[in-house]
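Here is a quick tour of a helical packing problem. Have a look at the model first, then read on.

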Amino acid sequence: MPLNIPIILTWMRIAMIPLVIALYYLPLNWMGVPLRDTIGALAFVFAALTDWFDGWLARRWNQTSSFGAFLDPVADKLMVCAALLILLDLNRLDSFIALIIIGREITISALREWMATIGARNSVAVHWVGKFKTAAQMTAIPCLLFYQDWHSIPFAPVGTVLVYIAAVLTIWSMFYYLKKAWPIIKQQQN
């Protein structure tokens, strides 16, 4: 396993997950809801930025590796799923939306893994709709974690609208990737 700055950033993102979850299990009288939600949202934003930054560094410094390519999306999906479960527990997210997003992540991860085993991973390479889905998700989740107004910006409704947009893009991207893979899947069945 290679160890470099991009992979360390990815491991940091994974290590942050239980810390963020722990915030929501602390007694409310320790810090109060507004402070807890602010710290949780900022931690998620930091983790999301490291997601972008570790990939950028790996490409810039020519430190890409198959292990990093495996670990980065795993860290991303763990972070998103953990945040969605927190939001469900706080009643800030509809369970149907969480099921759509988590179900898509599992489906496409399995599809990519299977396509990689048959040497066709590039047929389900990241597409612009997947990137927009990720951007909507990574913006919606901290808005829903923060869930308060700040300088007249109503983060709760903004996050709600964005998470619904993310859910639509999630379904769209899932069908896009399945459609791209379908000819290869059919060919493998023959």
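What follows covers the ground rules, the helix pairs, a salt bridge and a surface patch.

## Ground rules

This is a predicted model, so local features need pLDDT of at least 70 and side-chain atom pairs count only at pLDDT 80 or more, while totals for chains, interfaces and linings use all residues. Residues are numbered from 1 along each chain as its sequence is written, and side-chain values use heavy atoms, with hydrogens and water left out.

## α1 and its neighbours

Start with α1 (residues 5-23) and α2 (28-60); helices here are DSSP runs of H or I with at least four residues, numbered from the N terminus. The axes of α1 and α2 come within 9 Å and cross at roughly 165°. That makes α1 roughly antiparallel to α2, a label for angles over 145 degrees, whereas those under 35 count as roughly parallel. Axes are lines fitted to C-alpha atoms over the stretch in contact, and angles run from 0 to 180 degrees between N-to-C directions.

The α1 contact with α2 splits into 15 nonpolar, three polar and four charged residues. Here Asp, Glu, Lys and Arg are charged, Ala, Val, Leu, Ile, Met, Phe, Trp, Tyr, Cys and Pro are nonpolar, and the others, Gly among them, are polar. As for α1 and α3, they pack at about 15° with axes 9 Å apart, and are therefore roughly parallel to each other.

## A bridge from α1 to α2

Side chains of opposite charge can pair when their charged atoms come close. Arg13 does this with Asp54, as a salt bridge whose closest N and O atoms are 2.8 Å apart. Arg13 sits in helix α1 and Asp54 in helix α2, 41 residues apart, so the pair links distant parts of the chain. The model has eight salt bridges, counted when a side-chain nitrogen of Lys or Arg is within 4 Å of a carboxyl oxygen of Asp or Glu.

## α5 against α6

Further along, the axes of α5 (residues 128-146) and α6 (residues 155-189) come within 7 Å and cross at roughly 155°. That makes α5 roughly antiparallel to α6. Their contact residues divide into 19 nonpolar, seven polar and one charged.

## A greasy spot outside

Leu3, Ile5, Ile8, Trp11, Met12, Phe46 and Trp61 form a nonpolar surface patch with about 680 Å² of accessible area together. Patch members have over 30% relative accessible area and no salt bridge, with nonpolar side chains (Val, Leu, Ile, Met, Phe, Trp, Tyr) joined within 5 Å; areas come from the Shrake-Rupley method with a 1.4 Å probe. Helix α1 gives the largest share, four residues, while Trp61 lies in the loop between α2 and α3 (66-89).

Terms used
Helix = DSSP H or I, 4+ residues; strand = E, 2+ residues; numbered from the N terminus. Parallel < 35°, antiparallel > 145°, perpendicular 65-115°, else oblique. Patch = residues over 30% accessible without salt bridge, like charges linked within 9 Å, V, L, I, M, F, W, Y side chains within 5 Å.
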